[in-house]
Amino acid sequence: MKKRNSWKIRAGAFCLTAVCLGTGAALAAEAGGEGDPLVTLSYLNETVLPKLVQDTEDRADQRQAELTAQFSQAVQGGGGGSGASYTVVTLNAGQRMDLDLGAEVLLRVGSAAAGAAVNPALVDVTAGGNLNSGEWLVQNHLYLATMTDHYITAGGGTVKVLVRGGYQIA
């Protein structure tokens with residue numbers, strides 16, 4: 001019986017030694033050093049968070065300034081370019097107005113025909129339909145150019161239209 005107990009004692013001593021060596025190695029790993037930094041809540045609250053907030057505010061202010069400048073430029077763009085408001089354009093008989101993508105046109109005086117390489121030439125926003133190439137615009141209806149090769153051609157006499165968006169007169 002003595003041999004059986006001595007074997008159990010030796011195995012237990014070996015296991016206890018292994019556990020002690022493993023714990024010592026783990027404690028010697030320098031927690032909080034460069035390899036395993038230790039960050040405190042006060043460091044986060046007093047250093048990291050204020051810097052993060054300041055950087056975010058600086059970027060937001062910079063972006064706001066950029067957007068304000070772009071908006072001011074778009075509002076001042078007015079006729080011939082792309083603006084936020086409508087521009088009154090007068091066309092003589094036979095003159096052609098090429099419309100940029102997304103341009104809106106509203107016929108006020110005279111007559112004009114829509115034109116495009118493919119149909120529909122313009123979208124009649126007021127009636128909720130399409131206007132094909134060669135068809136006449138209806139006064140006080142709002143039309144939208146959905147492609148870049150769309151245009152209107154002035155009929156006989158003076159034609160006045162309101163335009164919002166880009167256009168070129170040919």
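A polar contact here is a pair of N or O atoms within 3.5 Å; within protein, one must be able to donate a hydrogen and the other to accept it, and residues adjacent in sequence count only if both atoms are side-chain atoms. Keep that in mind for Glu-104 below.

## About the model

This is a predicted model, in which local features need pLDDT of at least 70 and side-chain atom pairs count only at pLDDT 80 or more, while totals for chains, interfaces and linings use all residues. Residues are numbered from 1 along each chain as its sequence is written, and side-chain values use heavy atoms, with hydrogens and water left out.

Let's start with Glu-104, found in strand S3 (residues 104–109); helices (H or I, at least four residues) and strands (E, at least two) are DSSP runs, numbered from the N terminus. Its relative accessibility is 17%, so Glu-104 counts as buried (buried means under 20% relative accessible area, exposed over 50%, partly exposed in between, with a 1.4 Å probe and protein chains only).

The side chain of Glu-104 makes a polar contact of 2.7 Å with that of Tyr-86. Glu-104 also forms a salt bridge with Arg-164, with 2.8 Å between the closest N and O atoms. Because Glu-104 lies in S3 and Arg-164 in strand S9 (residues 159–164), this pair ties together parts that are 60 residues apart in sequence. Arg-164 itself is partly exposed, at 27% relative accessibility.

## Salt bridges elsewhere

The structure holds four salt bridges, each a side-chain nitrogen of Lys or Arg within 4 Å of a carboxyl oxygen of Asp or Glu. One of them joins the side chains of Arg-63 and Glu-66 (3.1 Å, N to O). These two are three residues apart in helix H2, which means that about one helical turn separates them. Arg-63 is partly exposed at 44%, and Glu-66 is partly exposed at 34%.

S2 pairs with strand S8 (residues 150–154) in the antiparallel sense over four bridges; two strands pair if DSSP finds at least two bridges between them. Here Asp-98 stands opposite Tyr-151 in S8. S2 and strand S10 (residues 167–169) also run antiparallel, joined by three bridges, and Leu-99 has Tyr-167 as its bridge partner in S10.
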